Amino acid sequence: MQSNTEKTPKTKKRFCRGKSKEKRKPTKNAANRKNYFYRLYSRLSLKTAISVIFTATAIFAITVMGVSFYLRFQAAMRENTQKEYSLMTAQIESAVTDKLRGYMQIADSLTYNVIKNSDFETDSVWNEFNLICQTNSADLLSVALFDMQGNAIEAAPAAHCKQNTVILGQSWFEEAVNNPENTHFSMPHIENIFVNGDGRYERVITISKTVDINYAKHQTQGVLMLDIKYSAIEELLSGVNIGEHGYTYLISNSGEIIYHPQLQLIRSGEKSAPVYSSAEYPDGFYTVKIDGEKYISVIKTVGYTGWRIVGETPYNAFNFTNIKSALFLLWLAVLFTGILITVNAYLSQKVSNPITSLEQAVEQIATGNLDVEIPSGGSFEVWHLQNEIRRMVQQLKKLMDSIVLQQQTMRKSELDVLQSQINPHFLYNTLDIIVWFIENGQYDEAVTAVTALARFFRISLSKGKNVITVADEIEHVRNYLLIQEMRYKNRFSYSIELSPEIAECETVKLILQPIVENAIYHGMEFMDGDGKIDISAKPDGEDIVFTVADNGPGMPPEKLEKLIGGEVEPSRRGSGIGVKNVQQRLQLTYGEGYGLKIESEPDEGTTVYLRIKKTGGESTDKTAANRGQGIESMA
Amino acid sequence: MKAWLKKNKAFTAVFCVLLAVLFVLSTTDLVFKENESRIYHISIIVPNSDLTEWENYRSGVKDAAAYYNADISFVTLYKGGDSAEQLEAVAREIQNGAEAVIICAADSEYIAENIKSVRGGVPVVALGRDIDCKGVKARVIYDYAEIGRLLAAEVKSDLTAQRIAGQKIISVQSGENAYSADIITQEFVSALGENESAPSRCTLQGEQAANELVKGLTGESEYILLAADLKSFELLAKALQECGAPADIRLYGTGLSDKIKAYIENGIVKAAACMQEYPAGYKSIEFAVGLIDGTLKEQLYEPQVFTVTQDNMFDAETEKNAFLIS
């Protein structure tokens, strides 16, 4: 029972299982031992493990979702932007096509309504040409008709060609001559045929086509030329921006640039432009690198001419790379991660706390503390486990109580058996003395002896109690000595000393009398009036020490060993309770460390010490004074 | 939950601060300014009294200004070539809010010595000629010597060495950009080599002076006139045309305008050499913007020099440089 009441200090354990780690037997699985993560995991507390695993899983899920969302968003954005750019390019293409078709209609109109109906022998078409120029002055710079040798037949609004101007060999003229079925559009160039008054050099795109020229007597062929102002095409494209830094430009079928917002920079070599030939780059979207920067290009072919609209925009415009957007995404990620960590920590605590408390309670139970309170709460499984452990502890308690009871019963039985060993010889001898006193008329001595005997037996029996007060034990031995003194006719004297403060303390009964009996039978019997027995009972710290000292012949060590070992039989004349009996009872009652100690020197005497635990006996000094008499000496 | 948060005070505090900072960064303009259409205020200060010479350069400036969203202020001087006035103009422009100054120094040494006191940390781009000053980080430098050499090469291709030796060389300039005129003349004469006579130098102060000069030369000898700047080039070409383009006077010069192109086409001007001024203008603005933003450290650009003659005027290669698309 003693161990049950001792409480082990609670040890706080958080993330490491501390003691339990030591308790855990090293696994035999060598592979597991080597596995760092396994070892790490095995060292984590339940709360940490749940929190870490949940958080890691959640962060992984958030990352996967975030990346997927980001990629999908990016793809959708790119798709939408491409659609938008495609639409814009188509609109520009439509505007350019309309413009070019308009020029072709002018050329056709001049061909079929003016030139075909005129007799150049007599008629002049200058007025018609000039009218067309005036009507379309925003777009049209000049109109001219050349014969196949490159001589000007008619030109408006400028009437004269520059000196030394050679028409033959000019690309627009050659194309018209070589392909008479088609209308040709030249690349932009500086108009250098006609004399103009303002001295300016105009950039033009020349439309040329072969026409039939009627003279009165014959028909021949010539080339109709329309100089379209470059600005007319430029204005269609110059203001069109694709995205924040994107632009649109116009290229020929072979990839030569017709219009580009930074054409002059490209021409001076300070900026480069990819060559989108129609063979390599059919209509569609492309990713290209220009001056080290990535661009997205959309290409759309203009009808009839084979010219192509190109829209270029930096690749970054398609990306969700704005720093603020990235920070916002990061903010969202941190927010969700933080919330998850908090919730996970809370949940793990909620789940693990009852288990941790239960583990601590079980640890207390393992140290023997069955009075520990088993916590309640948690999930059903934990609750069920708590109940089962609680029931187990109750059963354990019952079991232990029953064991203690059994032990107590067994001890009592043993004591009873030992006490029952009291030899009846002592009674016979004492009764003989009393009879002898009565026969000799020594009635007073007989009364004293009867009284002492009666007290002796009263205390011996003590209503069946095994434990009596120290005062009673001393009283018991005093009565015994009184009877023996009468019997041995003053061969010895004795003294008894009892410390008053222990008088009411408890002791196992009949522990002094067998020792005193030994002292008389083995020491005093042979003394001739000078024998002395000193008995004392004194406190010694938490213990009480009884001392029985005689000045008898003592005993050699070998006999002393036999006596302690119980090999010496108690005297048949005495009470029948031997030293061994006393030792067994004391140790049964008080445990190891208590009991007898005998010191003996041959011819010097023997001293026996009996050490018991100081229990009970919160006696007052008065009681002690009444019960104990201090030092009593009798001759 | 509250208990857990209380228990992990440090974590909670750091987390809240991080969230707040990220939120502020991502939703406000306190740190990262977004969609702000920044306008760069840039001043270009030239040593001339008018902008005739700078037409092609301005085309490049205009396109660059449109691309970089720059507000350009072109400053000419009341008295062409006056360095003190130019320095005052720099100070005035900076005071008026110019964030960068592009300066074609009339006297680079004077400007280098004095600009520190007026620029007040505003970045400076040297144009035309270098300014040896710590504050000048970017340079658009014209190779005037190459102009002289190319014009000399044209003379050599037109005339035999013997004829060149008999020619008298007169270098004419308006006086507004004496530095470049001197270099061009020096290199021109040096490259011709065999001509032993030192060139006469003449500063024109208007049409009348040009006419008088040309009339004074007629019939006496064969001359090579070297116009060392556009202003004098146009004046001489006009004077020659009015005099009936005498065959014994051959005009070469630097600079290219529509008028000069017409004179070349008519044969009055034999050859013109000039810089690729369009990219020079474009680069000047690009550098200035880079310096304002702090993204540019040291940068140098040297535009190429090309010649225009009657023969190559409409060639594809010459046309690219001579006839701007802008």
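Mentor: Start with the angles: they run from 0 to 180 degrees between N-to-C directions, on axes fitted to C-alpha atoms. Keep in mind that this is a predicted model.

Now the sheet. In chain A, five strands make an open sheet, ordered E8-E7-E11-E10-E9, and they pair antiparallel. E8 (257–259) and E9 (284–290) of chain A are the edge strands; each has a single partner, so one side of each has no neighbour in the sheet. From one strand to the next, the twist averages 35°.

E7 (residues 247–251) of chain A runs antiparallel to E8(A), and two bridges join them. Pairing requires at least two bridges, so E7(A) and E8(A), with two, qualify as paired. Within this pair, A:Ile251 stands opposite A:Ile257 of E8(A).

Next, the helices on the sheet. Helix H5 (residues 46–115) of chain A packs on it, touching E7, E9, E10 (293–301) and E11 (308–314) of chain A. The direction of H5(A) makes about 45° with that of E10(A). Helix H8 (residues 230–237) of chain A lies across E7, E8 and E11 of chain A. H8(A) runs at about 80° to E8(A).

Then the partner. Chain A brings 36 residues to the contact, and chain B brings 35 residues. Together they bury about 3500 Å², with 64% of that on carbon and sulfur atoms. On the chain A side, A:Tyr201, A:Gln264 and A:Lys324 lose the most area to chain B, together 22% of what that side buries.

Three salt bridges are counted between chain A and chain B. One of them joins the side chains of A:Glu270 and B:Lys283, with N to O at 3.6 Å. That falls inside the cut-off of 4 Å, so the pair counts as a salt bridge. Polar contacts across the interface of chain A and chain B come to ten residue pairs, both residues at pLDDT 80 or more.

Which elements of chain A give two or more residues to the side that touches chain B? They are strand E4 (189–190), helix H9 (263–267) and helix H10 (323–366) of chain A. H10(A) gives the most, 16 residues. By type, the residues of chain A's side divide into 17 nonpolar, eleven polar and eight charged.

Conventions
Residues numbered from 1 in each chain as written. Chains lettered and ligands numbered in written order. Predicted model: local features only at pLDDT ≥ 70, side-chain atom pairs only at ≥ 80, totals over all residues. Heavy atoms only, no water. Contact = heavy atoms within 4.5 Å. Buried area = accessible area lost by both parts, 1.4 Å probe. Polar contact = N/O pair within 3.5 Å; in protein donor to acceptor, adjacent residues only side chain to side chain. Helix = DSSP H or I, 4+ residues; strand = E, 2+ residues; numbered from the N terminus. Nonpolar A, V, L, I, M, F, W, Y, C, P; charged D, E, K, R; others polar.
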